[in-house]
Amino acid sequence: MAALLLALLGASNGAAQSLSVVEELRISEGLAGFAGPLADGDGFGASLAWLGDLNGDGVDDWAVGAPLSDGNGKDRGAIWILFMRADGTVASSRSIGDGLGGLSLTLADGDRFGHALASLPDIDGDGRRELCASVVGSSFGGTAWPGGSANSLGASLPALFEPSGCAWHAGLQRLVVVSDDGRVALLQMDGTVQQTFLVGGDLEAVAIPDGNLPRAYLGVEHPDTVIELDLTTGLPTGESWDLTPWMQSANSRGLESLTVVKGLVYAGLQESGEIFVFDLKPGSLVQFMGLIPPPGGRDELSGMHYEASTDILYAIYDPDDLVLELTPAGSALRAYFLPGSSQEGVTLVPGCPGPMATFVVAEDDGDLNTYSTYPAPCDGSRLLWGRGGVDVLFLASDGSVTSENWIASGSGGFGVSLDAGDFFGSALASLGDRNGDGLQELAVGAAHDDDSSGSSFAQRGAVYLLSLTGSGQVSSWSKISAGSGGFGGILKDGDGFGASLTGVGDVDGDGFSDLVVGTPYSDVGGGQTGSIWTCFLDATGAVLGQVESRGVDLGAQAGEAMGAALAPAAGDWTGGAPGVLVGSPTGGDSAAGAIRVLSLGSGGSVSESHLIDGANGGLVGPLAAGDGLGFGLAAAGDTDGDGLSELLAGAPGDDGAGTDRGAAWALELKRSSLGVGFCYADSVCPCGNRGTGLAGCGNSAGTGGSIFPGGSASITADDLVLSVSGLPPSKFGLVFMGDATIPALPMADGLRCVGGSLFRFGARLSDSSGVLTEGPGIVGWTWSNLGSAGHILAGDTWNFQCWYRDPKGPCGTGSNASSALAITFVL
């Protein structure tokens, strides 16, 4: 049949493969021989690395990161070295962390040691692999409040005054406090009220545009507006700015916070946690400058203050009772648990040249609290956080650290001046000796790098390629970003290029191994759907070309963050083609996480895609929402000698041993054939609308419909699932089947290649990511709803295709057709 299709269609075809889990083992405290101990919130499994046979017992060993382990503080991080048995269980383990396992590196609260891991081939000649571990110096989880006890000024406020925002006016030496009933009060630091003005409106925030002028910006919610107030007269100046064209919200959760950062106005949207950046000009003119995504995905942003003396943006989140210190670009540096409740506003009264400031919090329950010992030195030292670094660890056979080399801004031979919040070390990948110079190469992600944009809050990301000497020192380096290293792809603000990395072998056949880079926060297909980039590298590490594989085209959903983790895929999973494991920690069945196994063609596009989650790919579990399967990934090869390769997948949110203690899943995968795909649009489409990759003719989604199988062809199991991706979202379509193939005929904007006796299944609606699904239960449906001619029997070959509506399609007919799939059913 394959030869016939080639002759008839002039199009490519190939066996549609299934990939399923045949063995699985869950490793967590108290399971599979791992004793731990772990603590709640450790996040065991957030990062993973294969170490080879570290202790010489003939069995390969593993490193597993727990970057939120507290150690001697909070979120300092740790790494577990797991010495394995031949049956996949843990024989023994030891931890490396703050003061443990021979680690010399001094860790601080929030460092998150072990955020990313990578194993290097032996570079010092001792016969053991080296382990690289990153320290990103950032925490969204919250550490102990450092500001001391509260001094309440609430009793001094006017009657029924409910503070919703506050700001310190350095020129007037006054606190400016607003209430959501439209009043403004000027206070001394001892709480004495100097003046009160009635302005009106739902006042939710206040900011000082210039400390030398008696002016304040007042944030009004619904409609979201900024008005300028004269603090000497208490009257509006007549200047106001309407922000509603950009800031949209519901349920009184609109503009809730306001501050001025280097002449630009930052306005926080409570509902989403996003920060909108504006240039407010005289005459009510507004220029939108950009959008800062919520750090760590947090919403309920209720207060902001930018302090020029520290160059830090302070943001509070109610009801989480957290204050985050951010760079002006929005990268989180640290988080503290905030005392009190109903926090609605924040400001800082600097204590320069001393190291402490007074932290002021407005609470909507009628209180105004000051904390006089908040650490805010004016020497810029607080901004050292978030730059990140990588520690190269040389391990003894017992897993302890014998020596190490720290690579960071200006350290370890790395001559780059990193910016605060770059997150150098957001991902790590060993690339081997790519150019034959005898030095091992390490790829390091800096997912919040903004050098490739004119915006200071771009967070588009970058990757550094480091060549390492035998001592772990950096011999040379190069950078890949939207503005350097030959990369020609289009990155958008917030994409996070470099949040994940993996070497992938020689995809394009030029003799040099290539690199896959994740952009898990890409919004193509919906917020944080995610994508990956295959980058073709030359001998020097420069990018010769690149191909983006978008999550939306692979069935990823909005918010899935596909590409949060990457690892190379074994050849027995991909049919010998280069391939990659892709993690989606917030996707999959029940939002428990998912893994995709992708095969790459010579051009870098995806030729096969296999989904493994709680409902697909044979994984039994159990998995639960929030487990984060796929947050960490590593491939191990065939460790048990049965001819099938294994992988390790982290689930740092697993609650089996305790809340968010985490787990790692060891999975063995087996590949088998499941049908033949055909009717791809690499021939003539009705209006020249060729699709991309293994898809039908191009559509308004910019790709084409691709039909893929899942489950099996067994009529007894009746677990076949047909997924059609790349469709316009929220449009009706239906799968139909026929017992013959025909030469490609025009069918609306697409081609029909299925013929003979035709039968249609029920109409379905594509989801928000453009995926339509039919099955399981396909065999049983044909027996219940069709005549005998349409019953699926063992030994039958049926051909499947999908017709779908596309009102904005390129040819104007209003509909289109996907690629096709032939499946031979078995008992």
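Analyst: A residue counts as buried when its relative accessible area is under 20%. Keep in mind that this is a predicted model. With that cut-off, Phe 736 is buried, because its relative accessible area is 6%. You'll find Phe 736 in strand S47, which covers residues 732-747. Leaving out neighbours within four places in sequence, Phe 736 is in contact with a whole list of residues, including Phe 759, Phe 761, Phe 800 and Trp 803. Met 747, Val 754, Leu 758 and Cys 802 are also among them, and so are Arg 752 and Arg 760. For a sense of scale, take Leu 285: Phe 736 is 451 residues from Leu 285 in sequence, and their C-alpha atoms are 55 Å apart in space.

Now for the ring pairs. Rings pair if their centres lie within 6.5 Å, and by this rule there are 26 aromatic pairs. Take Tyr 217 and Trp 241: their ring centres are 5.3 Å apart and the planes sit at 65°, so this pair is edge-to-face. The two partners come from distant parts of the chain, 24 residues apart, with Tyr 217 in strand S14 (residues 215-220) and Trp 241 in strand S16 (residues 235-242). Both Tyr 217 and Trp 241 are buried.

Phe 276 and Phe 278 make a stacked pair, because their planes are at 10°, with the ring centres 6.5 Å apart. Phe 276 is buried, at a relative accessible area of 7%, and Phe 278 also counts as buried, at 0%. There's an aromatic cluster too, formed by Trp 145, Tyr 314, Tyr 336, Phe 359, Tyr 371 and Tyr 374.

Arg 434 is buried yet has no salt bridge. Its nearest side chain of opposite charge is Glu 441, at 4.2 Å, and a salt bridge has to be within 4 Å. What does the Arg 434 side chain reach at 3.5 Å? That's the backbone oxygen of Leu 537. A polar atom of the Arg 434 side chain also lies 2.9 Å from the backbone oxygen of Asp 538. Setting aside residues up to four places away in sequence, Arg 434 touches Glu 441, Phe 512, Ser 513, Leu 537, Asp 538, Ala 539 and Gly 541.

Key. Residues are numbered from 1 along each chain as its sequence is written. This is a predicted model: local features need pLDDT of at least 70, side-chain atom pairs count only at pLDDT 80 or more; totals for chains, interfaces and linings use all residues. Side-chain values use heavy atoms; hydrogens and water are left out. Rings of Phe, Tyr and Trp (its six-membered ring) pair if their centres lie within 6.5 Å; planes under 30 degrees apart count as stacked, over 60 as edge-to-face and the rest as tilted. Helices (H or I, at least four residues) and strands (E, at least two) are DSSP runs, numbered from the N terminus. Buried means under 20% relative accessible area, exposed over 50%, partly exposed in between (1.4 Å probe, protein chains only). Lys and Arg count as positive and Asp and Glu as negative; His and the chain ends are not counted. A polar contact is a pair of N or O atoms within 3.5 Å; within protein, one must be able to donate a hydrogen and the other to accept it, and residues adjacent in sequence count only if both atoms are side-chain atoms. Contact means heavy atoms within 4.5 Å.
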